[in-house]
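I opened the model and kept notes as I went.

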Amino acid sequence: MISHRIITAFALAASLAATAMQTASAEDAPPRQKWSFSGPFGIYDPAQLQRGFQIYREVCSTCHSIKLLAFRNLADPGGPAFTEAQAAAVASSFQVTDGPNDQGQMFQRPGTLADHFPPPFPNDQAARAALGGKLPPDMSVLAKARAYEWGFPQFVIDAFIDYQEDGPDYIHAILNGYTDPPAGFALAPGTQYNKYFPGGAIGMPKPLTDGQVQYTDGTPTTVDQYGRDVAAFLMWAAEPTLDARKRLGFQVMLFLIVLTGLLYFTKKKVWHDVHHPELTGSQPPA
């Protein structure tokens, strides 16, 4: 009876797993990309982060904010590797709302390292009015907020391989997913078809085309490369201390391994006389 229940339980689990895998394969899943920061030892590529910032500044910043990021962060260790002077120059190119002044009025001034990136619109209502009622999301933590449900058993495998690049994969896929809608697909007015966007209809027009942004380091100027670079930059914006976190995690794991070995041999030494009283001539406790 018990064995029959176990067999039934395994059969049900296998059925659920197969259903989940079929569901995932039936949908357009974002293709998994190779990132310099993937895995337990991956780190950011500063050159890629600088290119990604260029994409954000020249294209994305017209609609999307990164209000949690400060200009000084551009010069932080583990980031785009801007010098403090370069970061200050970037800050001064933005106009920041400050005040009130002595007359009680708000005013505009050039940004400083201490300022956060200003939003492109003064408030959400202004953004909706300018963009036909649509509110573009803030991109500060977009790379950590977006994910894809892979189902069983893939999510178990991902836990073992330390896969945490769902957000960058999704952003890259969205930027490269604009295509003609399939036959019979009805698009609402003001929307475009994107095969990786949930539901297929996305309100954001295609933001990038080949050759739109010019790189100075010889990197290909394609939509695919643009998507990789800006996705990496947004991953850094969402988790700027990733390099330090992984380095600290490695040091902690190394310390725990050494500590485990020391505790094991200490235990062997302390209990040696108890386990082998014949070697010392002592009697074990009654």
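I took the expected span of a helix as 1.5 Å times one less than its number of residues. Helices (H or I, at least four residues) and strands (E, at least two) are DSSP runs, numbered from the N terminus. The model is predicted: local features need pLDDT of at least 70, side-chain atom pairs count only at pLDDT 80 or more, and totals for chains, interfaces and linings use all residues. Residues are numbered from 1 along each chain as its sequence is written, and side-chain values use heavy atoms, with hydrogens and water left out.

**Entry 1**

I checked α8 for length. Its 16 residues should span 22 Å at 1.5 Å a residue, and its end C-alpha atoms are 22 Å apart, which agrees. Next I looked at burial, where buried means under 20% relative accessible area, exposed over 50%, and partly exposed in between (1.4 Å probe, protein chains only). In α8, 14 of the 16 residues are buried, so the helix is largely enclosed by the rest of the structure.

Then I ran the length check on α9, residues 242-275. The 34 residues should span 50 Å at 1.5 Å a residue; the end C-alpha atoms lie 48 Å apart, which agrees. I did find a kink of about 30 degrees in α9, centred on Lys269. The bend at a residue is the angle between axes fitted to the seven residues ending there and the seven starting there. Leu242, Asp243 and Lys246 are buried in α9. I asked what the buried residues of α9 pack against. They pack against α8 (223-238).

**Entry 2: the largest pocket**

I searched on a 1 Å grid over the protein atoms alone; a pocket is an open set of points where a 1.4 Å probe fits, with protein on both sides within 12 Å along at least five of seven lines, and lining residues have an atom within 4 Å of a point. The largest pocket holds about 630 Å³ of space. It is lined by 25 residues, and His64, Pro136, Pro137, Ile202 and Met204 are the closest to its centre. The largest share, 4 residues, comes from α7.

**Entry 3: Gln48**

I located Gln48 in helix α2. Its relative accessible area is 10%, so Gln48 is buried. I counted a contact when heavy atoms are within 4.5 Å. Leaving out residues up to four places away in sequence, Gln48 touches Ser36, Arg228, Asp229 and Ala232.

**Entry 4: loop residues**

Pro31 sits in the loop between α1 (2-26) and α2 (46-58). Pro31 counts as partly exposed because its relative accessibility is 36%. Not counting residues up to four places away in sequence, Pro31 touches Asp169, Ala173 and Tyr196. Pro31 and Asp166 are 135 residues apart in sequence, yet 9.6 Å apart in space, C-alpha to C-alpha.

Leu187 is in the loop between α7 and β3 (192-193). At 34% relative accessibility, Leu187 is partly exposed.

**Entry 5: backbone geometry**

Most residues other than glycine have a negative phi, and most peptide bonds are trans. I noted two cases to record. Ala81, in the loop between α2 and α3 (84-92), has a positive phi near 65 degrees. A cis peptide bond joins Gly99 and Pro100, with omega about 5 degrees. Pro100 is in the loop between β1 (95-98) and β2 (107-110).

Notes. Points joined across faces, edges and corners; volume = space filled by probe spheres on them.
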